[in-house]
Amino acid sequence: MKKNADNRIHSPQRGVTLHNTVQAAGTVPCQVEYSSTFDSLSQLDAVAQGLLDTFADERFFAFFGSMGVGKTTLIKALCRALGSDDNVCSPTFAIVNEYTGGDGKAIYHFDFYRLKSIDEAYDIGYEEYFYSGCHCFTEWTEKIEPLLPERHVRVEMTEQDSVRTLKAELISN
């Protein structure tokens with residue numbers, strides 16, 4: 001690991017960046033960030049494992065990105081990394097799919113693309129899932145952003161010329 005001039009610590013082999021910021025009280029919390037650039041599906045398992053390793057104590061991952069950028073495909077890799085043997089697919093019509101991880105705990109995968117209003121998230125009882133302590137992965141999160149837990153991992157994915165970039169950071173409001 002090396003420290004940059006702006007107090008960022010970067011480990012190129014893992015794509016992990018730690019950023020120190022100073023709060024008013026004089027404490028120095030560590031803002032955890034993860035980034036990765038990849039151009040092949042064969043790299044997804046390593047990207048998924050890096051994301052889970054970086055945010056090992058976190059359970060809620062909110063995905064943002066345009067249609068076709070690979071959110072569902074990455075969530076499939078995340079579920080594999082969590083030991084799930086289930087058939088992971090986009091819950092576009094069901095809104096939420098439940099899988100079982102290798103530890104026997106539930107993994108919840110949401111796709112809010114079809115929601116017409118935030119009220120529909122209330123109708124499915126989102127709180128029971130979001131605050132269950134189980135891993136939750138959400139797609140089209142911008143449709144329900146006001147409902148996100150105060151502490152979550154924000155994962156942004158972009159694509160340009162078949163190269164995808166993932167940037168993740170821990171949000172703690």
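This is a predicted model: local features need pLDDT of at least 70, side-chain atom pairs count only at pLDDT 80 or more; totals for chains, interfaces and linings use all residues.
Which residues are linked in a network of salt bridges? Glu-145, Arg-154 and Glu-156 are.

## Salt bridges

The whole structure contains four salt bridges. Glu-156 is partly exposed, at 35% relative accessible area.

Arg-80 and Asp-45 form another salt bridge, 2.6 Å from N to O. Arg-80 lies in helix H2 (residues 71-81) and Asp-45 in helix H1 (residues 44-54), so this pair ties together parts 35 residues apart in sequence.

Glu-58 pairs with Arg-151, and here the closest N and O atoms are 2.7 Å apart.

| Residue | Relative accessible area | State |
|---|---|---|
| Arg-80 | 47% | partly exposed |
| Asp-45 | 42% | partly exposed |
| Glu-58 | 8% | buried |
| Arg-151 | 45% | partly exposed |

Glu-58 counts as buried because its 8% falls under the 20% cut-off.

## Aromatic rings

Next come the rings. The structure holds twelve aromatic pairs. Take Phe-55 and Phe-61. Their ring centres are 6.4 Å apart and their planes stand at 80 degrees, so the pair is edge-to-face. The cut-off behind that call is an angle over 60 degrees. Both Phe-55 and Phe-61 are buried.

Phe-63 and Phe-137 are also an edge-to-face pair, with 6.4 Å from centre to centre and 65 degrees between the planes. This pair links distant parts of the chain: Phe-63 is in strand E5 (residues 60-64), Phe-137 is in strand E8 (residues 135-139), and they are 74 residues apart. Phe-63 is buried, at 0% relative accessible area. Phe-137 is buried too, at 0%.

Some rings gather in a group. Phe-60, Tyr-108, Phe-110, Phe-112, Tyr-122, Tyr-126, Tyr-129 and Phe-130 form one aromatic cluster.

Rings also meet charges. The charged end of Arg-154 sits over the ring of Phe-64, 3.8 Å from the ring centre. The charged end of Lys-143 sits over the ring of Tyr-113, at 5.8 Å from the centre.

## Strand E8

Is E8 enclosed or open? Five of its five residues are buried, so E8 is largely enclosed by the rest of the structure. In a regular strand, side chains alternate between the two faces of the sheet. Both faces of E8 are covered. His-135, Phe-137 and Glu-139 are buried on one side, and Cys-136 and Thr-138 are buried on the other.

Which strands pair with E8? E5 does, in the parallel sense, over three bridges. Within that pairing, Phe-60 has Cys-136 as its bridge partner. Strand E7 (residues 106-111) also pairs with E8 in the parallel sense, over five bridges. There, Phe-110 has Thr-138 as its bridge partner. Both Phe-60 and Phe-110 belong to the aromatic cluster.

## Cysteines

How many disulfides does the structure have? A search of the whole structure finds zero. A disulfide is a covalent bond between the sulfur atoms of two cysteines. Cys-134 is in none: the nearest cysteine sulfur, that of Cys-136, lies 7.0 Å away. Cys-134 is buried, at 15% relative accessible area. Cys-79 is buried as well, at 0%.

Note on methods: Residues are numbered from 1 along each chain as its sequence is written. Side-chain values use heavy atoms; hydrogens and water are left out. Rings of Phe, Tyr and Trp (its six-membered ring) pair if their centres lie within 6.5 Å; planes under 30 degrees apart count as stacked, over 60 as edge-to-face and the rest as tilted. Buried means under 20% relative accessible area, exposed over 50%, partly exposed in between (1.4 Å probe, protein chains only). Helices (H or I, at least four residues) and strands (E, at least two) are DSSP runs, numbered from the N terminus. A charge sits over a ring if NZ of Lys or CZ of Arg is within 6 Å of the ring centre and within 35 degrees of the ring normal. A disulfide is a pair of cysteine sulfur atoms within 2.5 Å. Two strands pair if DSSP finds at least two bridges between them. A salt bridge is a side-chain nitrogen of Lys or Arg within 4 Å of a carboxyl oxygen of Asp or Glu.
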